[in-house]
Amino acid sequence: MNLRDRHLWIVVITGALLGTLGVLLAVWGNPENSGICVSCFIENSAGALGFHDNPRMQYLRPELIGFVLGAVLSAVAGREFRSRGGSAPLPRLVSGIFLIVGCAVFIGCPIKLFLRLTAGDLTAAAGVIGLVAGVWAGLRGLANGVELGVHKQDQGGSGLLVPIFFALLLLFLLFRPGFVLSSGKGSAAQYAPWAIALSAGLLLGALAQRSRFCVTGSIRDALLMGLRSYMLWGFMAFCGAAVMWNIGSGRFHFGLFGQPGAHLEHLWSFLGMGLVGWISVMIGGCPFRQLIKSGEGDADAGLVVLGMFIGGALVQAWGITATAAGVPIYGKVAVLVGFIFILTTSLLCRERTA
Amino acid sequence: MLTALALLPLLLSGCDDKGKRPVMRIGYMNCNNEQETTKRFTPLTRYLSEKLDVEFVMVPVDTHDFEKRFREGEFAFTHTNSLLYIILRENYRLELIASDKRGNFGSRTGGAIIARKGNGINKLSDIKGKRMVFGPMLAPTGYLAEYDLMLRSGIDPEKDLAYYAIPSGSYKHEKLVYGVLFGQYDVGAAPLLDLEVMTREGKITPDDFIILAQTPIIPYCTFGAAEKTDPKLVARFRKALLELKPSDTVEIDGERVKVLNAAWADGYEQLLDSDYNPIRDMARRVNMPPYQNY
Amino acid sequence: MFKDRFDRLLLILLAVAMSALAVLLGAHAPNGDNSRAPAGLNKALEQETAYQARVALLQKLYTPVETIQKSGDLQGALFRLDDLARTYPGEAHSYILKGEILHQLGAKEEAVASYVQGIKLSGDYIDRKSPLSRRAEIQRLTDEGVKEIGSRAKANPGNASLAIAMKNVNYLQSRLAGGCE
């Protein structure tokens with residue numbers, strides 16, 4: 001590991017900022033332990049756009065818009081914006097749906113998983129084990145030839161569509177047309193001031209684009225390369241910063257019970273995050289990384305993002321999402337269907353050696 | 001012949017082997033009469049038999065005969081009100097299994113001293129010199145709790161009332177409520193659960209009467225087991241009760257009957273013996289069994 | 001990219017479409033004067049109106065019960081609440097009020113169970129800002145539950161009913177702590 005490598009420090013700073021802002025956004029108004037949660041933000045934003053009718057989960061999260069547009073700005077500035085895509089579009093769309101299913105059953109994306117853990121929430125431990133297990137399973141798949149295909153340079157500009165969609169969302173955020181909903185109660189009514197949230201999103205989006213930071217990517221690299229992996233150091237900076245800020249802000253509550261937005265069905269936490277980890281490796285990144293890549297012009301990631309929006313709508317409309325009361329039967333079914341999907345895809349998209 | 005011998009276990013396996021099951025008896029205290037008790041608890045008894053693979057026989061028993069028949073060993077399992085549970089516990093070391101859940105307070109209930117609205121009795125102290133009706137003497141929330149409440153409020157039922165009565169025959173609790181409402185008595189000691197049920201059935205409305213005072217809530221009807229009963233069987237009995245759901249049914253005379261519905265229960269709860277201490281304290285204050293001083 | 005006539009035609013048409021869009025948005029942009037506001041969607045307002053109507057209906061239905069409760073006739077309030085619960089089964093407000101009354105009557109475990117049922121139906125009662133919020137009362141009961149039910153559950157680890165009661169208390173604790181629900 002080369003300490004003079006600028007890239008290492010960009011990764012570490014990204015991780016540290018993610019951990020810091022992950023806690024501070026909750027201090028500034030986001031729900032407890034959900035300063036940054038891509039799946040929760042997508043569910044909220046899907047609700048704001050009228051894709052589901054849960055009146056407690058409707059708010060256009062500025063952070064989400066910031067992640068993508070920050071990545072766009074960084075990619076353009078660094079001449080890294082390239083419209084590309086075309087590999088296994090439908091499986092990627094469906095993967096996006098199941099990413100959100102897995103997150104909804106756990107109640108949180110991989111970023112929130114570690115924000116919960118660093119706040120002392122021991123119920124997240126099963127999710128961590130599941131995520132690592134899922135990443136490992138994904139790596140085994142890759143090693144055995146499972147691949148969704150390589151994307152190619154795209155002359156049609158399809159990689160622009162998702163950034164344009166998020167630019168439209170930015171206009172919705174700023175001008176608030178009547179059809180955009182905003183909860184007056186529930187967790188979607190808890191938010192940091194929009195300017196701060198948007199700024200934080202833009203900053204993190206830009207840094208994440210530069211650094212290629214990804215939670216599941218960090219685990220993947222740790223399994224493959226150990227301490228030589230830069231991403232692992234970024235991940236440790238993320239966790240370290242989050243622990244520090246949680247303790248400093250009085251948000252560290254160690255234990256299994258009474259944790260915000262947590263249930264006690266550890267098996268399903270394990271399976272939900274396992275599904276997320278496996279899919280993330282197969283499609284090349286966790287939900288957060290998919291947002292960033294879509295901002296770089298990656299249309300494949302863009303399809304995953306659209307799939308996540310569909311998933312965000314479905315988990316609320318169909319009662320799939322877990323709550324503090326536990327995981328509903330539909331959630332359990334959805335996770336198992338997700339595993340059937342990933343296993344079938346692995347079978348069908350595998351390059352077998354003779 | 002060898003083939004026949006080999007097939008014999010297979011042929012016999014379809015036979016009903018009820019005869020091999022141990023037979024045990026459950027004594028159910030009659031609330032009103034034997035027919036009602038039989039109808040109420042036959043499905044539950046059948047359910048327990050199926051669950052535990054024990055042939056349970058239900059034995060309806062009058063309240064005043066219960067202790068004697070239990071002492072004589074007529075039944076190993078009991079279902080009684082909570083005062084009778086304490087009597088059997090103190091005198092014969094009855095083991096607590098589970099308590100019935102019914103009504104707003106779950107496995108607990110209380111008593112109330114009621115008067116008809118508009119008869120001039122508006123607070124507890126107004127009952128002095130009036131005619132009162134109680135439920136049966138061994139009824140925890142029809143007699144004991146209200147008697148205790150009056151003593152603690154400085155009213156001696158033996159001295160401060162014009163008189164008090166206990167209705168005869170069955171359905172004593174309902175009779176006392178109607179007795180108050182139709183003016184036969186000025187005040188009555190009514191179990192809250194009966195008031196709740198009668199209100200739900202439309203027999204009375206809350207506007208008909210005033211609750212002058214309400215007792216603390218105490219455990220409701222209770223299952224127990226004789227001291228020497230197999231602890232493993234007792235644990236399984238308890239588990240079977242606690243796991244009962246409203247949708248569970250048994251077949252009675254060709255009909256599927258909901259067990260909890262028939263038993264007038266919403267479920268069962270595992271209370272602690274210490275939860276019955278308020279009744280013990282009441283019994284001591286009121287000089288009732290098992291603490292009576294003659 | 002724009003080498004031939006067809007490209008130029010497409011470019012012109014694109015400019016026309018974008019200009020038309022700009023003119024349309026400009027003509028219908030809200031300027032504070034509602035007379036020119038589009039009579040189109042204002043789902044947010046509709047949703048808020050529906051919610052306020054629900055709150056008003058709940059107040060109308062349950063105020064008589066709450067009045068009796070405040071007068072001290074808790075059991076009378078409970079009888080009337082039972083009646084309302086039969087008319088409006090599955091209405092969270094019944095469970096919440098019942099929980100409050102049961103707590104006042106000393107039936108803590110039943111109160112917790114009733115609150116849990118109410119909050120599972122509607123999280124408004126645990127929100128800080130909701131007009132229906134009963135957060136303070138629920139917090140008080142939860143704190144008592146953690147202490148009393150918790151100590152009994154700890155002393156009797158094999159007791160299934162206490163375990164269920166404790167699970168209910170933990171659920172309330174978790175909901176009070178916040179999270180995405």
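## Ground rules

This is a predicted model: local features need pLDDT of at least 70, side-chain atom pairs count only at pLDDT 80 or more, and totals for chains, interfaces and linings use all residues. Residues are numbered from 1 along each chain as its sequence is written, while chains are lettered from A and ligands numbered from 1 in the order in which they are written.

## Chain A

Chain A has 14 helices and two strands. Both are DSSP runs numbered from the N terminus: helices are H or I with at least four residues, strands are E with at least two. H1(A) is followed by Gly29(A), which has a positive phi near 140°.

The C-alpha atoms of chain A fill a box of roughly 55 × 45 × 40 Å along the principal axes. A compact globule of 354 residues would have a radius of gyration near 20 Å; chain A has 19 Å, which agrees. The radius is taken over C-alpha atoms, and the globule rule is 2.2 Å times the number of residues to the power 0.38. Of the 354 residues, 62% count as buried. Buried means 20 or more other C-beta atoms within 10 Å of the residue's own, exposed means 12 or fewer, and partly exposed lies in between; C-beta atoms are placed from the backbone.

## Helix H4 of chain C

Helix H4 (residues 92-104) of chain C has 13 residues. Its first and last C-alpha atoms are 19 Å apart, close to the expected 18 Å. Eleven of the 13 residues are buried, including Tyr95(C), Lys98(C) and Glu100(C).

The cover over these buried residues includes helix H2 (43-70), helix H3 (74-87), helix H5 (108-121) and helix H6 (135-155) of chain C. Just after H4(C), Gly106(C) takes a positive phi of about 90°.

## The two domains of chain B

Chain B is assigned domain 1 (23-105 + 219-286) and domain 2 (111-215). The bounds come from an automatic or database domain assignment. The C-alpha centres of the two domains lie 27 Å apart. Their contact takes 15 residues from domain 1 and 13 residues from domain 2. Residues are in contact if their C-beta atoms, placed from the backbone, lie within 7 Å.

On the domain 1 side, helix H4 (82-92) and helix H10 (277-286) of chain B each give two or more residues. H10(B) gives the most, with five residues.

## The nonpolar core

The largest nonpolar core has 230 residues. Such a core is a set of buried Ala, Val, Leu, Ile, Met, Phe, Trp, Tyr and Cys residues joined through C-beta atoms within 7 Å. Among the residues that touch the most other members are Val101(A), Phe288(A) and Val187(B). Helix H11 (residues 266-283) of chain A gives the largest share, eleven residues. Domain 1 and domain 2 of chain B both give residues to this core, so it lies between them.

Leaving aside neighbours within four places in sequence, Val187(B) contacts residues including Ile114(B), Met132(B) and Leu212(B).

## Gly135 of chain B

Gly135(B) sits in the loop between strand E7 (131-133) and helix H5 (140-152) of chain B. Gly135(B) counts as buried because it has 26 C-beta neighbours inside 10 Å. Beyond four places in sequence, its contacts include Tyr143(B), His173(B) and Pro191(B).

Methods:
Two residues are in contact if their C-beta atoms, placed from the backbone, lie within 7 Å. The expected span of a helix is 1.5 Å times one less than its number of residues.
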